[in-house]
Amino acid sequence: MTLNEALQLALQHFRAGRAAEAERVCRAILNAVPGQGEVTQLLGTVVMMQNRPQEAETILRASIAAKPDLPDSHGNLGTVLQSLGRMGEALAAHDRCVQLTPGTPEGYVNRGSTRLALGDRNGAATDFARALKLQPIDTLAAANLGVALREGQRMAEALRALTRALVVEPGNGEAMLGYAHALREVGRLDEAETAYARAVTLTPAKTEALCYHLYLKQTLCAWNEYDRLCARVTETIDQDAGVVIPLATLSIDTTPAQQDRSARLFYDRLVKRPSAPPMPARPENRSGNRLRIAYVSADFHEHATAYLAAELFELHDRGRFEVLAYSYGPDDGSAMRQRLVTAFDRFRDIRSVPLDAVARCMADDGVDIMIDLKGYTKQTRLDLLSRRLAPVEVSYLGYPGTIGCPHMDYVIGDRFVTPPEHQPFYAERLAILPDAYQINDRRRPLPDQGPGQVPSRADCGLPEDGVVFAAFNTAYKISPTMFALWMRILKRVPGSVLWLFEANPRAAANLKATAEAQGVDPGRLVFAPPRPLADHIARYRVADLALDTLPYTGHTTTSDALWAGCPVVTCLGGSFASRVAASLLNAAGLPDTITRSLSEYEALAVALAGDPVRRAGFRKRLEEGRMTAPLFDSHRFTRNLERAYQVMWSLHKAGKPPQGFILPAG
């Protein structure tokens, strides 16, 4: 057999997917005639196909040494390095491949995927668009372009790209899932529901699609498949049958152990990178002794997290702390954005900055403690969780649960949301604050001052008489069980109404239909449209009593109600997300309305509805404690949080591993 015939045989095996046979022939050729660049490249490729990336890297580098200008060697090396988590080297290899063959679309697709993994969404979009120009009928390039554009908040362009992918290949599940995401982001929820259902059918093994489908149906309060979908999600966790989106576990009945398991598996399978590079070296000598802390978030604009935390950033003791922001969310030009930019000593906009550059910047800034304010919530940058960026890393405020990440050192909690006995359900060590874990901004509007003048019942579309129960949590937190409980309360309190936040028209229609099916006049459901924060808070002065959700309780929503003096009835659940409202009520000085079962919750709501004197007493207690209760004492909270940061840093400086601690009252 001639050399050419042997090479053709190896290629036949390769094209037929017979990697082991192709490897055997390639090795035979190279034993007979060493130094063949093309054959060495093919050998590296078939070794890579057999999931032996380190060996493949060595072979592909030998191929490049033998024949430096062989594009496939560089491209395949880039793919191997990407699988090993060495993204910077992978990008350099793909760069070389594109330089050698600028007219080949595959090179741009591969480089684009690496750029996307590095957080360079704009660069990735440019590469995918270039690939499409070279090969207009390319589903992968179009679908990936859609992902890059959507993650970069360029929704209209993302929809066009994903539509293009689905025109070429209607049965492509990845493209369908991306299309559903984009439809949801632009508010086309009915179409998104259909697209999610289609994505679940097309990719039954991709259990993330199932979670997103459930979330969308929760957003629409479309409960026709609720029990079945919830059961499939919990079975997926319990049977290790796929990846579950961690946030999806918080709004259905799951245990802390299930939430922990889903987060760890999500991290291991979708976030973690093999051989992640070490944290870049930090400057050895720097001026001053202040601790440098960096808050990382996409929410430094008009957002619930900003409404809570703005004053925290302003109140940090500048004699002991230097406070930085790393922002990867939009600049909405709002007054809140301007306030936040001013609140920090340095404000870094890292929207289009790749991960390696973020790591380098954080090292050059000498960040001691990084505080992640996002976790697994909407618009998070998962790449920032894939490697250590600072000597001490802390999860706080944004995500009520574990990140499941081995280098997230601490999670900030309190004795309600993270009791010490819950430590086994966290990858992080518990840092338990003395009051409530949640910061509050005392510069938020007061309910009877400034633009947020208290409206009349008529202004709000409410009847002049009867008890008004407010339930302003977002629609996806409303479970069928809680809604049925609310309907029982309405039946037991004649003339009462349920005042709900109007999330979307479909949810409102579904809730009205469900009320009627359960024997309640749908006219007793009143919907509050979105309003500016001051006007929204002022509405709580019209409500008589707020009703909380379970298992995902109110966070900012509960704080707003208590700030306005409106008592909230909640039920203490078993996990972080289901215990937040109880934590806030306790810190606001109103533990009276924390219940331990849904039957107790229902009984208390009905009793308070018939006891206006007791309700008035609760409201008076909240209003008198507005500036003194621990929940709203921003100075006290900031000092406690700073003490927690100093404990963490002292342990690190002493060379000790992270340790959980309960911070005593200061």
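1. Gln-153, which comes after helix H9, has a positive phi, near 65°. Helices here are DSSP runs of H or I with at least four residues, numbered from the N terminus.

2. The model is a predicted one, in which local features need pLDDT of at least 70 and side-chain atom pairs count only at pLDDT 80 or more, while totals for chains, interfaces and linings use all residues. Residues are numbered from 1 along each chain as its sequence is written, and side-chain values use heavy atoms, with hydrogens and water left out.

3. Helix H9 itself covers residues 139-151, and its 13 residues reach 18 Å from the first C-alpha to the last, close to the 18 Å expected at 1.5 Å a residue, where the expected span is 1.5 Å times one less than the number of residues. At its start, a side-chain oxygen of Asp-138 comes to within 3.2 Å of the backbone nitrogen of Leu-140.

4. Of the 13 residues of H9, 10 are buried, a term for under 20% relative accessible area with a 1.4 Å probe and protein chains only. Among them are Thr-139, Asn-144, Gly-146 and Arg-150. The buried residues of H9 pack against helices H7 (105-117), H8 (121-134), H10 (155-168) and H11 (173-185).

5. Elsewhere, His-74 lies in helix H5 (residues 71-83), and it counts as buried because its relative accessibility is 8%. The side chain of His-74 reaches the backbone oxygen of Pro-68 at 2.7 Å. Beyond its neighbours within four places in sequence, His-74 is in contact (heavy atoms within 4.5 Å) with residues including Ile-64, Ala-93, Arg-96 and Leu-100.

Technical notes:
Helix = DSSP H or I, 4+ residues; strand = E, 2+ residues; numbered from the N terminus. Buried < 20%, exposed > 50% of the residue type's maximum accessible area, 1.4 Å probe, protein only. Polar contact = N/O pair within 3.5 Å; in protein donor to acceptor, adjacent residues only side chain to side chain.
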